[in-house]
Structure formats: C-alpha cells, structure tokens
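Welcome! Please keep the sequence and the 3D view at hand as you read.

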There are 2 protein chains.
Amino acid sequence: MAGGMPKRLPTVSDVAALAGVSRQTVSNVLNSPAVVREGTRERVHTAIAELGYRPHTSARRLRTQRAATIAVRLDPVGGGISGAVLDRFLHALAERGEERGLTVMLYTAVDPDDEIRQFRRLVDAAAVDAFVLASTYHGDPRTEWLIEHDQAFVTFGRPWGIPDLTDPKHFWVDVDGRHGVREATEQLLARGARSVGFLGWPAGSGTGDERRAGWAEALRDAGFDDARSAALSIVAEEGVASGREAARALLEREPHLDALVTASDTLALGALIATGGRVPVVGFDNTPVAEAIGFSSIDQRVDEVAVAALDLLDAVGRAQSAGPSGHRLIEPRVVMRESGPLLGLLR
Amino acid sequence: MAGGMPKRLPTVSDVAALAGVSRQTVSNVLNSPAVVREGTRERVHTAIAELGYRPHTSARRLRTQRAATIAVRLDPVGGGISGAVLDRFLHALAERGEERGLTVMLYTAVDPDDEIRQFRRLVDAAAVDAFVLASTYHGDPRTEWLIEHDQAFVTFGRPWGIPDLTDPKHFWVDVDGRHGVREATEQLLARGARSVGFLGWPAGSGTGDERRAGWAEALRDAGFDDARSAALSIVAEEGVASGREAARALLEREPHLDALVTASDTLALGALIATGGRVPVVGFDNTPVAEAIGFSSIDQRVDEVAVAALDLLDAVGRAQSAGPSGHRLIEPRVVMRESGPLLGLLR
C-alpha cells in the first residue's frame, strides 16, 4: 500500500506565476476566455503548454479510477481559540494536496483504539493511500499499527518521548517552536524590554517545553543568570482563566516585568486581561483572536507545514530511505503587533 | 447515483444517553473494559443490546466495500473571524456523518466552473454519493449541473434569488437569521434599551437583508415608526475598519444610541472599537473572537444544521418528494454576554 503517491504536477499557481497573472485569470482563460484580453490569453496558453499543465489532471485520474486519498482525523466541534490552527492546516492540506492530485478524506475517533479501528476500516476498504496524524507520543499505538501494517503516514508534530527522533519509519513535520519563541524574546529585548517573562504549560508537554526552552535561551544569550530566569517563569494549564491567574501571580512577584511571552494565544489572552493591556504579550498560533484583539503572536505557517507533509508522503511513495530527510522542521514567523485596535483602547 | 444513503443507525452518543454515561465511558467499555466498574459495564452493554448498536457499522461497510461519501468544498486558508463557522460546520458534518456511516471527502475550487469540473471528476470516478454546498444563488450553474446529472445534494443556505424556494429538486437547510436578530433586539429592548441600532451589509445579500428585517420587525412591534427605524440603521462592507467607521457615523447622528445589533462578529468588533465598549453590541456567528472578547452574538448552531443536512440527504436517498419537507430552517441561539473579561476592562 505504501506506494502510488503521485509526483508533483504543474498547478494553476505555477501557470499563473509563469504567465504573470492571478490564479483567477488562469481559471477565466480556461472557463470563460471571452472575458480575458487576447494578449493575456496567449501568455496563459503559452505557460500551460510550457509546463504541460492539465486541468485537474483528469486524464491521470480517469486512468487510475480515483484520486489518491489521504485520511485526516477531524475532532468534534469546539476547538476554542487554538482549534483554528488545525483547521487552517486542513485547509492548506486540501488545497496543496489537490494540486498534486490528492484528495483529503475525513474520519473521526474518540480515542487511539477507536482510531486504529478506523485505520483498519479505511485500509480494508482500500479507501485511502496515506494518513496524516496531527500529533503522536511515546508508545503511540496508532503509529505502531501503521508501521506494522506498512501504511504510508506522516505526522504534524514530532514523536515526543521517542528516544530516536530519526526513526526511518516515522516521517514527521513539525514547527520549531523553540526557534519562534527565542526570536520573539530577542525582538522584545532588542526593543528595550529589560524583564521578559514566560507563561507556559506545566513541564512534560514536549511542545510546551520547547517553547519555554527558546525563551530561556534568549535570556541566557542576553546575560541573564538561570536564577533570574527561573523567577521570571510561571506555569498554567491551558485556559484563559488559569492564564489570567498565573499572570497576576507573576506580576505580583515581578512588578517590573515589562513583556511576557506565552505558550498559546489562550494564555496570552488571560495575561492581557490580567495586565489590562499595559504589558506587551506575545501569544502562539496567531489565531483570529490574536489578530482581532491585536496582540503579537507566533504563526505556525501551516501552509509550509502542509507542503512539507505532502513532500514527505511523496518520499514514502517513492520508497526513499527516510533518515533525516524524513523529517522537516518549519521555522515559524513572529508577528509583532505594536498596538491592536482593541488593545489600544485598553491603555 | 442518488441513492444508497443509509438510514439513521444508533450511535455511541445514543448508547451513552441511554446508559446515562459519557461517550468516553462507552468507548472504554468497548476498548478497555478493565478500567470501567462492573455495574457501569453492564448498563452500557444493556444499552448496546437494546439499541442494536454496532461499533462503526463495520459489517455494513464491508458488505458495500466502502462507506457512502459526501463531498464538501474547502476554501483556501484565511477565513478571518467568520471563517470559523464553516469550519465548525465541517466538524459537525464529519462527526454526525460518521455516526450514519458516511465519510466526508474534501475538494477545492477557484470558481463555479472549476467546481463543476470537480463534480464531473468525482462523479466519473464514482468517488462520492452526495454533495454538500455551503451556499447557492439565483442561476447558480452548480446546482443546475447537479440537478441535470441527477446527483444528490443539499445546500447550507437558501437558494437566494430563486423565485420558488420550495423547488422540489433543491434540498436546503438554513439558519433563520431574521428570527435570531429579532430575538436579540427584543431582548435588548426588554432590558431597557431605548434606541437599538442596526449595522449591516449593503442591501442585496439575502442573508444580510434577512438579518436587518429581523431587527426592523422587533422595532416595529415595539412601536417605532419606519422613519425612526431608518435613522437607526447603517450599512458597511464586511470588515473591522469599515464596521468601525460606520458605527462612528451612526453614533454621531444618533448620540443616544444605547445598543447595536450587527450582521457579523467582524462588524461587531469594529463597532466595539468605535464605541470603546460603552454600547452593548451583538454580533452574528458566535465565533471564538466573540467568546474571547466577551461580546454577545447569535450562534448558528451548526451541529443542528449538520444533522438537518444529513436528514435531507437521507430523504434524497429514499427518493421522497421534497416539497416543504425538503427544507429545514434552524432557529439560531442568542448568546447574551453581560460583560466579557476583556470587554469589562474597556469600560
């Protein structure tokens, strides 16, 4: 089964880029040529010929009866503030996958055992060619099952807790949260902050530990000793109320705190409420909530994650050895917002 | 093709409700019975027997080789504040669909013609059994194509602009925005507001016109004459900045305005910024942004929408006549928030 992922085919975007027009214009040339000026039409047709672009690769699809399919789990409604990230990833996966002739199919599951039952059902029905999992952990029975049954898969998220991160059978893509938080902290220090705190999750979550490590590295590079750093750090369970309480406690202890980096937009919102917007706060995930309120945040660049995940599945299909090439670490983007429209009102 | 949609089968939720336990407990009984107390295990097994529940209906699925599949279009990343609604709808559709043995498959399209090419591809490959469209309009070539090719489909959204809303070939489910906005306006008046304004989209969008109509009805019932209502209403294109400008203009004209209902959470956020949070604002869609900031909003209840859409597809499958029974209008839920955590800080 671990085969048959198609190679990268030219896409509407490629044609648009080569012809120097928008994707919409390419679509118009294909669908309603009368609305496009002749010169533009010619440029687009030249690009199509040059790239060998075929709309929706229908010839190939008809030959193989159906498009290759990747299965993605979708959880029930109610992702809160941070659920938006996985939704954005799904959008990116659907769009980028389709450019390569892949279709995304959704399934749901209440727990890992339930998810394995779903794997079995989808595999037995020959309904999917690969799986994309949103996370994994040490001793995860799901990845064990997929490896044992020779199924192509990639995870968004490192296999936390697994000693050998370069397991050649486990392809993964992840976002380098440590790098993003370090960069955000460095930017705050460069802008004159003297006391940058960190509000993160309790130790033990791989993702959260990495984010805290990035902040600690930046402070160390700036000459803070470890005792000073420790005093500037506090933990809270994910939640607006718990983030607010922890930020209050930290501010009581450290009244001169003049910036705060957090492990999530949810914690960041709690911190903003606790500080009344007087202390710059950086969240993580750059959710619509961060954008609407106008606080800084670290963007996971899910589009890059989706492209990397599909590249890795392509490599599985071509039975390449994985090794370090079976893993991709995406650098997130720090989105600094000086003063959001709503945040400005708080001050 | 327009057949084969399975009947409603008992679900984990049904078992959980009958046994008086959580879904997680049902899953535990099925997967890790050792962690569940014996009395609880017995109650769950009794409920399973009574309902005839079969986990994931695998027997039926194996018999038919694959699950029935519904295709849903997913747009590129970047839905902003209000994009969350369609994502929540997709989650609900995946979960509720799976309870009935249906799998959701995603496709993308840049315009209606492109979407029809996708329909053709999916139909030719026998890859899907039904389509769910997120909206439609007068003369929509997509629904015309689906009807012409005898494909089962349902739309989330009324076919705006089509003279006969009860077209027996067009099944749709929609949210009664007029009802929701009327109810929100009535609640504001009942709480003592004397001058409730409306900030909506320019006339011509069916959805926006309905929302404005609900507000106008509530004012009329409360004894406002039409000239007074007209003075309390203003329009803006969808956007935070345009909403802010329009709300400012309305407040200059009507300084005694003491509440504002809007056509979207995006416009509501603009209005909140314009008023500095001094005037209660009601948005539409109850997005994570409304929840995080803490302003009131009208919830589309996408879970009910998903269930209704699946019921309608089931009716298509049984070749029932559609008529009025081919349409469902869901009543939204007004979520009044007295003072959100962040909003409280503004005052």
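This is a predicted model: local features need pLDDT of at least 70, side-chain atom pairs count only at pLDDT 80 or more; totals for chains, interfaces and linings use all residues.

Helices (H or I, at least four residues) and strands (E, at least two) are DSSP runs, numbered from the N terminus, and two strands pair if DSSP finds at least two bridges between them. To find one of these bridges, look at A:Asp299, whose partner in E14(A) is A:Arg333.

Both strands belong to an open sheet of six strands in chain A, in the order E9-E8-E10-E11-E12-E14, with mixed pairing. At its edges are strand E9 (233-235) and strand E14 (333-335) of chain A, each of which pairs on one side only. On average, neighbouring strands of this sheet are turned by 20 degrees against each other, direction ignored. Axes here are lines fitted to C-alpha atoms, for helices over the stretch in contact, and angles run from 0 to 180 degrees between N-to-C directions.

## Helices on the sheet

Helix H11 (residues 240-253) of chain A lies across strand E8 (196-200), E9 and strand E10 (259-262) of chain A, and runs at about 150 degrees to E9(A). Helix H12 (residues 265-275) of chain A also packs on the sheet, where it touches E8, E10, strand E11 (281-284) and E12 of chain A; contact means heavy atoms within 4.5 Å. The direction of H12 makes about 155 degrees with that of E11(A).

How do H11(A) and H12(A) meet, and at what angle do they cross? Their axes come within 7 Å and cross at roughly 50 degrees, so the two helices are oblique to each other. (Angles under 35 degrees count as roughly parallel, over 145 as roughly antiparallel, 65 to 115 as roughly perpendicular and the rest as oblique.) The crossing is right-handed, meaning that the near helix is turned clockwise from the far one by less than a right angle. Among the residues that meet are A:Val240 and A:Leu251 in H11(A), and A:Leu267 and A:Ile273 in H12(A). By class, this contact has eight nonpolar, four polar and two charged residues. Ala, Val, Leu, Ile, Met, Phe, Trp, Tyr, Cys and Pro count as nonpolar, Asp, Glu, Lys and Arg as charged, and the others, Gly among them, as polar.

## Another helix pair in chain A

Helix H1 (residues 12-19) and helix H3 (residues 38-51) of chain A have axes that come within 9 Å and cross at roughly 125 degrees. H1(A) and H3(A) are therefore oblique to each other, and H1(A) passes H3(A) in a right-handed crossing.

## The sheet in chain B

Chain B has an open sheet of six strands in the order E9-E8-E10-E11-E12-E14, with mixed pairing. Within chain B, strand E10 (residues 259-262) and strand E11 (residues 281-284) pair in the parallel sense over two bridges, and B:Leu260 stands opposite B:Val281 in E11(B).

## Confidence and conventions

Chain A averages a pLDDT of 85, and 85% of its residues score at least 70; pLDDT is the predictor's confidence in each residue, from 0 to 100. In chain A, pLDDT stays under 50 over residues 1-7 and over residues 56-66. The model scores ipTM 0.74 and pTM 0.77.

Residues are numbered from 1 along each chain as its sequence is written, while chains are lettered from A and ligands numbered from 1 in the order in which they are written. Local features need pLDDT of at least 70, side-chain atom pairs count only at pLDDT 80 or more, and totals for chains, interfaces and linings use all residues, while side-chain values use heavy atoms, with hydrogens and water left out.
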